[in-house]
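Could you walk me through this structure step by step? I'd like to learn how to read its main features.

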Amino acid sequence: MIEGMGKPSRTFSAAVLGLLSLSLNAGGQQAAQPAKPSAATPAFREMQAVEDRWSDAITKRDQYGMELVLAPQFIGISASGDVTTRNQQIAGLFVKGSGPDSLEQKVISVRFVGEVAIVNGTYVISWKTEKGPFQEKGIFSHVFEHVHNNWLCLNSQRTVVAEDVKRAVQEKPKSTKRSDAALPMHIPLVYKGPESTQPAPPSATPPP
């Protein structure tokens, strides 16, 4: 009788061990996945505050505010492919008619690698033109470094959303004045611009 009851007992023990093993494996897999920052976390709110200060500095033409958010070695790549430095960004604040009327930057994700923060999000820039209000919508990627209890942007990359690319190229207001800062670089083969002087590629000749 005792031997007869031993078999179900071993079966039950094996089943319990199997369930525990599955539970531990599932818990390990969940722990291995990186936690996504929530908008409620202090780190997320902190980076959104940095982006807000950046937006305010641009729309209010605040040189001191720009110096507090851009690193001395800052490089910014616009949606059209123009590359500017920190000094060029600051000089552009004082060119009448060159800056936007409003800039809104919304943080979507934040990743930290040591003292570096990689921030991705969306932006909306608004201008007033002779034809009426104009908006450019897109996504951005910003790389910040934590220096002396402050986040300074090292690199900025913007990309216009697909449905607004054509409109942005055709209607984006152009400033009639230029700053005395060095001219920004232009990335070849990325964006030629609406008035490109590059020859058109030869058309393919269909086979006979």
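This is a predicted model: local features need pLDDT of at least 70, side-chain atom pairs count only at pLDDT 80 or more; totals for chains, interfaces and linings use all residues.

Q: How many helices and strands does the chain have?
A: Helices (H or I, at least four residues) and strands (E, at least two) are DSSP runs, numbered from the N terminus. Here you get 5 helices and 7 strands. Starting at the N terminus, their order is α-α-α-β-β-α-β-β-β-β-α-β.

Q: What share of the residues is buried?
A: Buried means under 20% relative accessible area, exposed means over 50%, and partly exposed is in between (1.4 Å probe, protein chains only). In this chain of 208 residues, 27% count as buried.

Q: How do I read a helix such as α2?
A: An α-helix has 3.6 residues a turn, so residues three or four places apart point the same way. For the span, the expected value is 1.5 Å times one less than the number of residues. With 18 residues, α2 reaches 26 Å from first C-alpha to last, close to the expected 26 Å. Its buried residues are F44, M47, Q48, V50, E51, W54, S55, A57 and I58. Just past the helix, R61 takes a positive phi of about 55°.

Q: What covers those buried residues of α2?
A: Look for contacts, meaning heavy atoms within 4.5 Å. The cover includes α3 (63-67), β1, β3, β4, β5 and β6.

Q: Which residues touch the most others in the largest nonpolar core?
A: A nonpolar core is a set of buried Ala, Val, Leu, Ile, Met, Phe, Trp, Tyr and Cys residues joined through side-chain atoms within 4.5 Å. Among the 26 residues of the largest one, M47, W54, M66, L70, V119 and F144 touch the most other members. At least two residues each come from α2 (42-59), β1 (70-77), β3 (102-113), β4 (116-129), β5 (132-147) and β6 (150-160). The largest share, 6 residues, is from α2.

Q: Where does V69 sit?
A: V69 is in the loop between α3 and β1, and it counts as buried because its relative accessible area is 2%. Leaving out residues up to four places away in sequence, V69 touches V50, W54, F144, W151, L152 and C153.

Q: How do I describe a pair of aromatic rings?
A: You give the distance of the centres and the angle of the planes. Rings of Phe, Tyr and Trp (its six-membered ring) pair if their centres lie within 6.5 Å; planes under 30 degrees apart are stacked, over 60 edge-to-face, and the rest tilted. The whole structure has 4 aromatic pairs. One of them is W54 with F74: the centres are 6.1 Å apart and the planes at 80°, so it is edge-to-face. This pair joins helix α2 to strand β1, 20 residues apart. W54 also pairs edge-to-face with F144, at 6.4 Å centre to centre and 90° between the planes. Together, W54, F74 and F144 form one aromatic cluster.

Q: How many salt bridges are there?
A: A salt bridge is a side-chain nitrogen of Lys or Arg within 4 Å of a carboxyl oxygen of Asp or Glu. The structure holds 1. E104 and K106 form a salt bridge, with the closest N and O atoms 3.8 Å apart.

Notes
Residues are numbered from 1 along each chain as its sequence is written. Side-chain values use heavy atoms; hydrogens and water are left out.
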